[in-house]
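Please open the model in your viewer and keep a selection panel at hand. The tour below goes from one selection to the next and says what is found at each stop.

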Amino acid sequence: MRKTLPFAIVTGVGFFMLVQYFVPREEFEIIYEWSLDWIIVIGCFAMLLGLWSLTMASIHKVQRKTPGWGYSVIALIGLIFMLIVGLYPGQASLVKGSIFMLFFEYIYIPIQATMFSLLAFYIASAAYRAFRARTILATILLVSALIIMLRLVPLGPLSSVNQWLANFILTVPNMAAKRAFWIGVGLGATATALKIMLGIERTYMGRD
Amino acid sequence: MSFLEKLLAIDRRIIFLFIAIAAALPLFFTVKLHIEVTPIVNNVYNALEALPPGSKVLLSMDYDPGSMPELQPMAESFLRYCFLRDLKVIIIGLWPNGPIQANIALEEVFKDEEVKNRNPQYGIDYVNLGYTVGNEVVVERMGSDIPATFPKDYTGNKTEDLPLMKGVKNYNNIDFVYNLSAGYPGTYEWVIFAVDPYKIKLAAGNTAVQAPLVYPYVQSGQLIGVLGGMKGGAEFEIATGKPAKAVKYMFSQSVTHAVICFFILIGNFAYFATRKKKGS
Amino acid sequence: MVETIGIWIAAILTLGIFSFLYKDNPFYKFCESLFVGVSAGYWFATTFWQVMMPKLVDNLAAGRWIYIIGGIFGILMLLRLFPKIGWISRWSLALVVGTTAGLYFTRYLVSNGMVQTENTIMPIFVTGNLPQTIGNLVIVVGTFCGLVYFFFSKEHKGTFGGFAKVGIWFIMVSFGASFGYTVMSRMSLLLGRLDYLFGTWLGLIK
Amino acid sequence: MRKITISLLTIFLLTLFVNISFSQEEPLPPSEVKASDTPNDNGHSITVTWKLSPDDGAGKKNVVAYEILRSDNPEGEFEIRGVAPAGESRFDDKGAKEKTDKNYLPGHKNFYYKVRAKADKTFAESEVSNPAFAYGQWYHTGKTTVLIGVILFSAFALYFINLARKGKKLFVRPLAGIEAVDEAIGRATEMGKPILYIIGLGSADMIATIASFTILSRVAKKTAEYQTPILIPCYDSVVMAVAQETVRAAYLEAGRPDSYKEENIFFVTSMQFAYVAGVNGIMLRERPATNFYLGKFYAESLILAETGSVAGSIQISGTDEIAQIPFFIAATDYTLIGEELYAASAYLGKEPVLLGTLKAQDWGKALVIISLILGALAASFNFQFFLNLFRVQL
């Protein structure tokens, strides 16, 4: 029960999914749609695990008064408040103008967008540190990135040459490398899927 | 530590400062930047110019607030162009947030004096049919029946009652489709499920990250043209003769790009200079 | 009124996150904790209404009892919280992983393996079009060398190693291009925030 | 009298004129309308084909579209099922499979079709088609190429797994990122600081995530031996559960089940940038000596990696998300590129069966290379037959 059944399930449903790819019949299609929905439902229940973990971790920090425990209180308040205003009014909480959506609009969205925009700074500092012509590979990376970035900088007569080069890089070597990468990933993923279905790859299931 | 060595180990906060200034300062200036309209954007403009006034264009808004800085100026410039040319706009969204973004863009466009004079009317000059679940299936279904796919508009009116939608049954009654896309579902789905089977005329605006992935469809002729990121948006604004947000932002873009390139170059200079010293 | 207060709060939080660029500080920590808590609550409530209700509750209410299977496996998943019977949750895990493994097997093989191969098959000689001929030739050679680079069971030596080396060069060109291309997207995000601060909040720019 | 004659004449002329200007000539109808079951489907679709109206693109050139009509009775009322653009001579009448759906098309029931050639204001209808019913198929003939691929690849894999099990030694080339793992763990131990392991934003069933679990299991075993704490902030609840299982098992295997701390593997939030904010905080406050980023990563990759590099940690990264690899290369010390991430589990485990599939992957690549070369030649000399082998019908 502990060991064999999970692997029997993995192999069973795995092969069913493989076979249904080749069988267009209605019966197969229906079971396929059901399984996808079941997985989504399982994910919904698993949310509770996450919520539990987050709450317990915060409570622990507060109880033990670990450094910065005050911030855990803030996180907890934010969480509980959003759960109340999000669940209690029913589905109406998702309508624009509700307290839930106001919090989303004026707290979540701006912080989210600002976190995202930090990338503008980090991309610059990462470029400065990493783009040094130390090795051939680093030089290639650097030159190709420079050519692409310079297409936005007015270079006078050189601009059209650079434009052409940037376009060439995007449509030719870039395309070739991406294809090789994708084909490799495709084969690697296929192999991993096969290993899972055969029960060879099983670390994700733990061991006892 | 010599100056060069200090330069190599520069505190990244100095770089941050430069980027912040380079991005913010140009926002306060109006500089006429020379922006060349590339053929891939010009194609879009020419195709639009060829439409007679009164043509019906479909605008599919397939993005959310995350891509707003890049795609919102494109939505605005397109809507402005359509209103001034008297093209009738039908707005839909494959992303739940798309129609909301469209409303924000409309609000912005109506502030424009020229547009105000034209006074576009809801239901006659433009409609917003909202969002429908189904991703690429929506694109496919519209091929046979648009009112059935979007039975009600964004505000709950019956689609069939809208004057603009009279006689609009499917893609045969649509003269041009414009798609603003930040990923899935987006341009790819429009090409596969609308251009290939129904031979619609399609142009697209994409985020800079997405754009290179759809360029091949321009070469193959399935796509009229693409606006790639903010630069594509700026080129379109220049082409239509109404420079707006994207053009304004392009100055900041140019300066920040130049700053990054400059830092990379002096970084390399310092690196080689210090290495030479150590070598000798 | 609500909007004005909202914009002020949003602007202050924006500054709080930006302050992290200088260094970690209590203001940032406050924003961070608030963000984590609010986002988790938002995520739970929206998923509950938009996924859990239609996929499970509505289906059951409509008499589609087959959906109870998803519910049962979902509850089994929660047994993890009880160490003694926690192992039962593996059944749910097995269902999830098994289903997707079966799906991915063909999906990756087709869309990554076969479709990409098909797209790369192109005529090397295009009569009367030298740039196209060169372009196609470089794509085919680049893809070939790139694939050689990803060989694991053969030592990268001699001619083979040479191909692999050219392969990684191609890959680096592509990575450099992606990097350079992304800069514009990321700057756009920053400009969006600055526009909010200077325009929407302070009204300094139009 | 004369007046009346003139009036009549005028009226006559007027009617004539009106007739000329308002009646349009009807196009000729399409012919040979045939209906048959749509192949390779679930059994709720019928394909209709016809011969174009002689006025479509030729003749009067006034056909703009075709309307396809259906009825279950050849004499009964027909309803419009769809439209095809002019020039098109085929239409799939796709119905829904659910009885409750408005668009339901029952299988195993006869239907009749008519096709209407539409001009601007008029139309012409074809004869009624033969009866046809829809039924589902047991095999999708368009997917034969895929089936061959699946069989071929599985055969390679099974052959090499078998070979490896028999004890044949298989060579694998070294990967810098993998060799650095031990060193990175060692460094954390020396410094007495924790290790941060980030599985990324993928769900537990994604291939990249599963590859990451396998690597995590080796890393956790080492940290158990060295008694170095390992922190795993998670983005997904299921991933958290699996990570806990994996690490617990690894500690058990290392003979130190008591050192396992479940609270070190915890959930942060399932929203991308909130998760990043949380992890940033952990990096700056716990100061881990080593950061692993292995799995599925999106735009957050660079924020994480840059923050980690400021904190001075050794960083090992790997993902199959091509758009993020450049940032990992720029900001971390070692990067596993795409397929290398999947291969890493085989490297670390050195288990023969895992190495066996690696060999199969290589053979797959060899096959692709051969097809590429043959395909390029075939395309250059226009051998359509060979090119069609790769066409996949979806």
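Predicted model: local features only at pLDDT ≥ 70, side-chain atom pairs only at ≥ 80, totals over all residues.

Residues are numbered from 1 along each chain as its sequence is written, chains are lettered from A and ligands numbered from 1 in the order in which they are written, and side-chain values use heavy atoms, with hydrogens and water left out.

**Stop 1: chain A against chain C**

Select chain A and chain C together. With contact meaning heavy atoms within 4.5 Å, the interface draws 105 residues from chain A and 107 residues from chain C. The buried area, which is the accessible area (1.4 Å probe) that two parts lose on being put together, summed over both, is about 10,200 Å² for this pair, with 83% of it on carbon and sulfur atoms.

How many salt bridges are counted between chain A and chain C? A salt bridge here is a side-chain nitrogen of Lys or Arg within 4 Å of a carboxyl oxygen of Asp or Glu, and the count between chain A and chain C is 1 salt bridge. To display a salt bridge, pick Asp37(A) and Lys55(C), whose closest N and O atoms are 3.0 Å apart. Polar contacts are pairs of N or O atoms within 3.5 Å; within protein, one atom must be able to donate a hydrogen and the other to accept it, and residues adjacent in sequence count only if both atoms are side-chain atoms. By that rule, 11 residue pairs are in polar contact across the interface of chain A and chain C (both at pLDDT 80 or more).

The elements of chain A that give two or more residues to the side touching chain C are helix 1 (4-20), helix 2 (26-64), helix 3 (69-87), helix 4 (99-130), helix 5 (136-150), helix 6 (158-171) and helix 7 (173-198). For the next colouring, Ala, Val, Leu, Ile, Met, Phe, Trp, Tyr, Cys and Pro count as nonpolar, Asp, Glu, Lys and Arg as charged, and the others, Gly among them, as polar. On that scheme, the side of chain A that touches chain C has 82 nonpolar, 17 polar and 6 charged residues.

**Stop 2**

Hide everything but chain C, which has 6 helices and 0 strands. The radius of gyration (taken over C-alpha atoms) is compared with a globule rule of 2.2 Å times the number of residues to the power 0.38. For chain C the radius of gyration is 27 Å, well over the 17 Å that the globule rule gives for 206 residues, so chain C is more spread out than a compact globule. Its C-alpha atoms fill a box of roughly 65 × 60 × 35 Å along the principal axes.

**Stop 2: chain A against chain B**

**Stop 3**

Select chain B by domain, with bounds that come from an automatic or database domain assignment: domain 1 (1-30 + 245-280) and domain 2 (52-243). Their C-alpha centres lie 39 Å apart. The area buried between domain 1 of chain B and domain 2 of chain B is about 690 Å². In domain 1 of chain B, Lys245(B), Ala246(B) and Val247(B) lose the most area to domain 2 of chain B, together 66% of what that side buries. Lys245(B) also forms a salt bridge with Glu76(B), the closest N and O atoms being 3.4 Å apart.

**Stop 4: chain D**

Finish with chain D, whose secondary structure comes to 11 helices and 13 strands. Its C-alpha trace spans about 125 × 55 × 45 Å along the principal axes. The domain assignment gives domain 1 (31-125) and domain 2 (170-350) of chain D, and 57 Å separate the centres of these domains, taken over C-alpha atoms.

Note on methods. Helix = DSSP H or I, 4+ residues; strand = E, 2+ residues; numbered from the N terminus.
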